[in-house]
Amino acid sequence: MSAKGSNVRVFVRFRPTANFAQDTINLGEDNKTIDIHIKKDEKFGVVNNQRSDWSFKVDGFLHNASQDSVYNAAAEPVVSKVLDGYNGTIMCYGQTGAGKTFTTTGATGNYKLRGIIPRVLQQVFKEIEERSEQSVTVRVSYLEIYNETLFDLLSTLPDVPAPDTQMTIVDDAQGVSVKGLSIHHASSEEDAMNLLFEGETNRIIGSHILNKNSSRSHCIFTIHLESHSRTLSNAKYTISKMNLVDLAGSERLGKTGSEGQILKEAAYINKSLTFLEQAIIALADRRRDHIPFRQSKLTYALKDSLGGNCNTVLVANVYGEAAQISETLSTLRFASRMKCIPAESVVIEHYDPVRVAKNLAKEIAHLKQELAIHDTLANRTNVSYEPFNESQIGEINTQVRRYLDGNLHEIDIINIRQIQEVCSQFKIILSQQEQEVEARLRQKYTLIDRNDYVAIAAAQKVGMGNLWIT
Ligand code: ADP
Ligand code: MG
């Protein structure tokens, strides 16, 4: 998946129904091609119904698929890579009710029906235990974006997540992060699950108290990993993150004549999903170098999670029923655009400065021992390789002056540090001598700039003999 030239992977998950539109939706035997055919007399709310046939290619269908098989297809390969230091994102897109939350979080209270996030946490901690050579710290954050406002679902202050005016999205050398968003250490799967539950609870409480419609908000659960080698001499470490994104319902709300709060929500959600779509179109076009990430909080927060240096998987959640075909078409269109985004992930290695310094100190001690042996073999005694103090530098300065005056025949070479100090003392003495010469000349002559014609002419007029034109 991280091989060069790969793209975002896209799966289509159908919500189970007894009324699957078999005549309209044809799932190819290759498990990758979806053909949609709308008969002339059927409209299904497809507004611009000039076309009647569409064909989409994806990486796989998840039809009548268990939570287990969805996880294995869409998430499992990404999670292993995150532990190797590659960023990963799994994102669910689709109309409200199509199964995005069922896919990401799952049905609480039923172990078999748990979604991708609990399974990711399980796999992360299982792999950490298996990787005895790695020491991995796990931290978790949970962000909700509602009407262009950021909410911390794990805010530890009150039970109710309040919009935090302090929270801003920042993009620096470390990548994109949300300043002010709380990040919580999880030392076990149980710890992490408790954080997920706390976030889910806050999501529900917040939606009641602030009268939010949860289908209109975007939720990003992030697992932050930092992996150091257990071998202390290995200073290399990796930082990676796994984003699990439950997007707001993608249905086009404009048509329904919404009012007031709903209209505002509709505008925000349509806007952020439209901006997401624009960013995706730009990302898929390799000739584009500007991607409009900053247009909305959602695209900005996901800037380094949509392809590029990230293993990204999209689960497109759809209803397979005839009445929903219009939304299904729009979801599939979005999905096929996502599939065109190149995703060539690389591990970004960091170096622990404390370990680097320790390693260097060890190396220096070792090289000093080597030098001592060389000196002994060459019958050189009492050679110091330490940096010079001031009085030693003064001695070298005197030595160089005596050499220049002819009172010393030659300067013995002791070591490289001493040669460098001799050279720098040469330089200091030379520049001091130049200054002395110039000062003497200034006393004798009047200095005039060669470009200062007025001054030269004036001086010539009075016939000054001791002119020095520089
Ligand atoms: P969304 O988050 O996209 O709005 P939900 O995940 O809340 O949709 O799903 C709506 C309802 O359908 C929920 O009651 C959920 O349990 C159910 N559901 C969705 N997908 C499935 C599925 N694959 N199997 C069983 N139930 C599902
Ligand atoms: Mg939902």
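Me: Where do α1 and α3 come together, and at what angle do they cross?
Reply: In this predicted model, the axes of helix α1, which spans residues 67–83, and of α3 come within 10 Å and cross at roughly 45°.

Me: What does that angle make them, relative to each other?
Reply: Angles under 35 degrees would count as roughly parallel and 65 to 115 as roughly perpendicular, and α1 and α3 are therefore oblique to each other. The crossing in which α1 passes α3 is right-handed.

Me: Which residues make the contact?
Reply: On the α1 side they are Q67, D68, V70, Y71, A75, E76, V79, S80 and L83, and these meet I116, R119, V120, Q123, V124, E127 and I128 of α3. Sorted by class, the contact of α1 with α3 has 9 nonpolar, 3 polar and 4 charged residues.

Me: And how do α3 and α4 cross?
Reply: Helix α3 (residues 116–130) and helix α4 (residues 189–209) have axes that come within 9 Å and cross at roughly 160°. Because angles over 145 degrees count as roughly antiparallel, α3 and α4 are described as roughly antiparallel to each other. Their crossing is right-handed.

Me: Which residues meet there?
Reply: From α3 there are I117, P118, L121, Q122 and F125, while α4 brings E189, A192, M193 and L196. The residues of this contact of α3 with α4 divide into 7 nonpolar, 1 polar and 1 charged.

Me: Switching topic, what is the phi of E148?
Reply: E148 has a phi near 60°, which is a positive value in a residue other than glycine. E148 is found in the loop between β7 (134–146) and β8 (149–152), and with a relative accessible area of 24% E148 is partly exposed.

Me: What about N379, where is that one?
Reply: N379 lies in the loop between α8 (353–377) and α9 (390–405), and N379 also has a positive phi, of about 60°, although it is not a glycine.

Me: Is N379 buried or exposed?
Reply: Exposed means over 50% relative accessible area, so N379, at 70% relative accessibility, counts as exposed.

Me: Stepping back, how many helices and strands are in the chain?
Reply: The chain has 11 helices and 17 strands, and of its 470 residues, 43% count as buried. Among contacts in the chain with a separation of 6 or more, 70% are between residues 24 or more positions apart.

Definitions and conventions
Residues numbered from 1 in each chain as written. Chains lettered and ligands numbered in written order. Predicted model: local features only at pLDDT ≥ 70, side-chain atom pairs only at ≥ 80, totals over all residues. Heavy atoms only, no water. Helix = DSSP H or I, 4+ residues; strand = E, 2+ residues; numbered from the N terminus. Buried < 20%, exposed > 50% of the residue type's maximum accessible area, 1.4 Å probe, protein only. Contact = heavy atoms within 4.5 Å. Axes fitted to C-alpha atoms, helices over the stretch in contact; angles between N-to-C directions. Left-handed = near helix turned anticlockwise from the far one by under 90°. Nonpolar A, V, L, I, M, F, W, Y, C, P; charged D, E, K, R; others polar.
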